Structure formats: C-alpha cells, structure tokens
Amino acid sequence: MDKVFKALSDPTRRRILQLLREREMTAGELAACFELSKPTLSGHFAVLREADLVSSDRSGTTITYRLNVSTLEEALLGFAEVFGIGEVKAKTPSPHKAGSSHA
C-alpha cells in the first residue's frame, strides 16, 4: 500500500492515471499531454509500474500503458479499513439513570 500512496502523492502521476482511466495510451500520447522531458515522464511511469497501478506492453519501440484499477481499489479499500471508514458502527444505547422518574 505504501508504494501506491507514494505514487499517488505526485500530481503528474495522478494526472497520468486520470488519462489512462479513459483509455490505454502510448508513452508518446501521454508525453504530448505534459510539458515534461521524456526522462522525467519515464521516471513517473516507473513509479506507477512499481506500485502496480499501471501495466505496460512493448511493441517494437512503442510502449502502451493501461490502468490497473484493481490495485487502486485494493489500496483505497485497505486504507479505508485501517481508519474504519465506511464501516457501519453500532450505536451504543445512552446510559439511563436507574430508578429516576419524572413525577
């Protein structure tokens, strides 16, 4: 989960994931969406691959990336579980004073 949150900590990597949510894209198509050098983007892709948030296929000199939604879902659900987010908590009855009555 740490690798996923490290990957998500950068706005460029979050934008890459947003773009890949729409469709798989080549490295060149993704690069056209940013004003960053190819080595810088390559570093972002490496972090995303290491976190298993994206997978890639190489065909000749072209690398195509796709989003691994299941990894993102698992990390977010795990995070929510750690903090008890989304759990239905049973309400405890409010304490009543024994023997008190309104007369």
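## Terms and model

Buried means under 20% relative accessible area, exposed means over 50%, and partly exposed lies in between (1.4 Å probe, protein chains only). By that scale, glutamate 50 counts as exposed because its relative accessibility is 56%.

This is a predicted model: local features need pLDDT of at least 70, side-chain atom pairs count only at pLDDT 80 or more, and totals for chains, interfaces and linings use all residues. Residues are numbered from 1 along each chain as its sequence is written, and side-chain values use heavy atoms, with hydrogens and water left out.

## Salt bridges

A salt bridge is a side-chain nitrogen of Lys or Arg within 4 Å of a carboxyl oxygen of Asp or Glu. By this rule there are four salt bridges. One of them joins glutamate 50 to lysine 3, at 3.7 Å from N to O. This pair links distant parts of the chain: glutamate 50 lies in helix α4 (residues 38-50) and lysine 3 in helix α1 (residues 2-8), 47 residues apart. Helices (H or I, at least four residues) and strands (E, at least two) are DSSP runs, numbered from the N terminus. Lysine 3 has 48% relative accessibility, so lysine 3 counts as partly exposed.

Glutamate 24 and arginine 66 meet through their side chains in a salt bridge of 3.2 Å, N to O. Again, distant parts of the chain are linked: glutamate 24 sits in the loop between α2 (11-22) and β1 (25-26), arginine 66 in strand β3 (residues 62-67), 42 residues apart. Glutamate 24 is partly exposed at 42% relative accessibility. Arginine 66 is partly exposed at 25%.

Arginine 66 also forms a salt bridge with aspartate 57, and here the closest N and O atoms are 2.8 Å apart. Aspartate 57 counts as partly exposed, at 41% relative accessibility. Through shared partners, salt bridges join Glu24, Asp57 and Arg66 into one network.

## Aromatic pairs

Rings of Phe, Tyr and Trp (its six-membered ring) pair if their centres lie within 6.5 Å; planes under 30 degrees apart count as stacked, over 60 as edge-to-face and the rest as tilted. The structure holds three aromatic pairs. In one of them, the ring centres of phenylalanine 5 and phenylalanine 79 are 5.1 Å apart and the planes stand at 50°, so this pair is tilted. Phenylalanine 5 is in helix α1 and phenylalanine 79 in helix α5 (residues 69-82), 74 residues apart, so the pair links distant parts of the chain.

Phenylalanine 5 is partly exposed at 28% relative accessibility. Phenylalanine 79 is partly exposed at 36%. Ring pairs link Phe5, Phe79 and Phe83 into a cluster.
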